[in-house]
Amino acid sequence: MPCFPQPYTSTVSHWQQTNRGSTSLWDHGRDAALPMEVVDYVIVGAGATGTALAYYLSRPGGAAAGKKVVILDAKDVASGASGRNGGHVVGQSWQLLTPLMAPLEEGGAGLSAEDALDVIMFEQSNMDLVENLVRSERIDADFWRGSRVEVLVTPEGAAGNLRNYELMQRLLKTHPKHQGRVLDWEVVTDPAAVRKLSRTRGAVQANRIPGASWHPHKGVTAFLRLALASETADVRFYSWAPVAGFSSNADGTVTVDCAARGNVRTRNVIFATNAYTQHVLPELKDILVPVQSHSALVTSPATYAGPRALQTTFGVEAGPYLIQTPDSGVVLGPYPSALFGRRLLKPEQVYGIDDDSFVQPAAKQWLADYCRDSFVGWGQETDGEGLTKCWTGVICHSVDYLPIVGAVPGRPGVWIAAGYNGRGMALIHSVTRGLAHQLKTGEWDARVPRSFEVTGARIQRARECALHPLDYPVTGLEYRTMKSKM
Ligand SMILES: Cc1cc2nc3c(=O)[nH]c(=O)nc-3n(C[C@H](O)[C@H](O)[C@H](O)COP(=O)(O)OP(=O)(O)OC[C@H]3O[C@@H](n4cnc5c(N)ncnc54)[C@H](O)[C@@H]3O)c2cc1C
């Protein structure tokens, strides 16, 4: 059953609020007629995935050179998770080893240590890819590159962190692909240094790794603009064009049903629908699960402004992920364990929920209190400071904790890229560059971990695994915490 048009009005994020002037792409193609002719590619979804894919397809020499690309979104560009997220452009450190290596039956990806390291390195190289594109394409999206600090606040968390760090060091000595790689990554254990780096009450250990952030709504819009301006491919974007379903034709084309907007026939349809995928590809219902997630903008008091503003991004054990924006304070969101561990929300209040029209009062209050209660010397907030905005968005978890990419089994001409487990910004550019390569050559892009490929066996395995959605881990940081508290 289609979930669009939605019967409610979504909350508005800081990013959506600050990119809706006349140069944004709101309502683009909303009233235009859909093409009558058969097109080469229809991309469903204009979030980070759909727009980055359109960008790669439409580069000179890309799969869409001399061809037609249609992008359809049920709402506006970046109206989903991409315009509602926490702004981090990189995932986690070696902490990801825990969920990537945990067996499938325990909610992990079940990868070998070598394959898990490959995924972590893939995310790191994605950050370089985004940075290079932002610079070469002169994208104005507040892109910032610096350090990410991961703060451990419990002795158990710190011990697990050290174990993973040592494992990663060992792997880097022997891994066939990453052997000998030198990384600017460190674990800080000296209490004074931890205090200085983290500025967080109760911190016992900290990791410092490369980090990056941006204004995701501006970034995603910029890639869509570049695709629309392609001189190589004919790219068109139709907002407010919800896809109700699709059907395969005898001639190998696919008819995409946009209900009241009409139909588009295409040689390939790519679903970049992330948390909403099950409504158009029901066979992926068991493997892709929507998860409602919160985020907030907190305006810093003078004690954390100017030279005293935060200098790094953060990920805090059973706490928030957080970035410093250039001009509006901090954007932070809770790892689910922050909410479950404090019994503020029950897992069933977030898993399986694809509604971003409301915030949970308990989550909002925790976000309002976090900076004041946790950052040393934050102090009192006056009117106009503190919690300024709170919103929700819907991320997409995959049962086996890995993205789902490639040709959908048994569906000729149908492709997918989805299921980033809350780390889409850290994955999407490299994933969609790979998918664009596959669409052009028919071959899997060797730069993308093969474990991301959507296969019949993987879908079947997820189905048989029969994990209750509430068992899914969310990040390496909270994996153990969440399991132990449930
Ligand atoms: C609160 C929050 C915080 C996050 N923080 C971070 C972070 O800091 N770092 C990070 O890396 N990741 C983060 N994420 C995750 C990240 O935002 C996502 O992984 C990423 O945006 C997914 O991009 P997407 O384009 O695949 O999906 P979306 O951005 O959700 O786009 C899917 C699009 O498909 C459209 N669509 C769906 N179904 C249909 C249909 N039937 N017809 C037409 N259109 C349809 C939707 O309207 C939507 O625009 C966060 C997410 C949330 C919600």
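User: Which residue has a backbone N or O atom 2.9 Å from a nitrogen atom of the ligand?

Analyst: This is a predicted model. A pair of N or O atoms within 3.5 Å counts as a polar contact. At 2.9 Å from a ligand nitrogen, the backbone N or O atom belongs to G86.

User: How much of the ligand's area does the protein bury?

Analyst: Taken alone, the ligand exposes 1,000 Å². The share of that area buried by the protein is 98%.

User: How far is an N or O atom in the side chain of S82 from an oxygen atom of the ligand?

Analyst: S82 is among the residues that come nearest to the ligand, as are T49 and D73. From an N or O atom in the S82 side chain to a ligand oxygen, the distance is 2.5 Å.

User: Between which domains does the ligand lie?

Analyst: The shell around the ligand takes residues from 14-83 + 217-287 + 402-468, and also from 143-213 + 289-399 + 474-485. Both domains contribute, so the ligand lies between domain 1 and domain 2.

User: Is H178 buried or exposed?

Analyst: H178 sits in the loop between α5 (155-174) and β4 (186-188). Its relative accessible area is 6%. Buried means under 20%, so H178 is buried.

User: Which residue's side chain makes a polar contact with the side chain of H178?

Analyst: H178 touches L117, D118, M121 and L172, leaving aside residues up to four places away in sequence. The side-chain polar contact is at 2.7 Å, and the partner is D118.

How values were computed. Residues are numbered from 1 along each chain as its sequence is written. This is a predicted model: local features need pLDDT of at least 70, side-chain atom pairs count only at pLDDT 80 or more; totals for chains, interfaces and linings use all residues. Side-chain values use heavy atoms; hydrogens and water are left out. Helices (H or I, at least four residues) and strands (E, at least two) are DSSP runs, numbered from the N terminus. Buried means under 20% relative accessible area, exposed over 50%, partly exposed in between (1.4 Å probe, protein chains only). A polar contact is a pair of N or O atoms within 3.5 Å; within protein, one must be able to donate a hydrogen and the other to accept it, and residues adjacent in sequence count only if both atoms are side-chain atoms. Contact means heavy atoms within 4.5 Å. A residue is near a molecule or strand if one of its heavy atoms lies within 4 Å of it. Accessible areas come from the Shrake-Rupley method with a 1.4 Å probe; for residues, only the protein chains shown count as cover. Domain bounds come from an automatic or database domain assignment.
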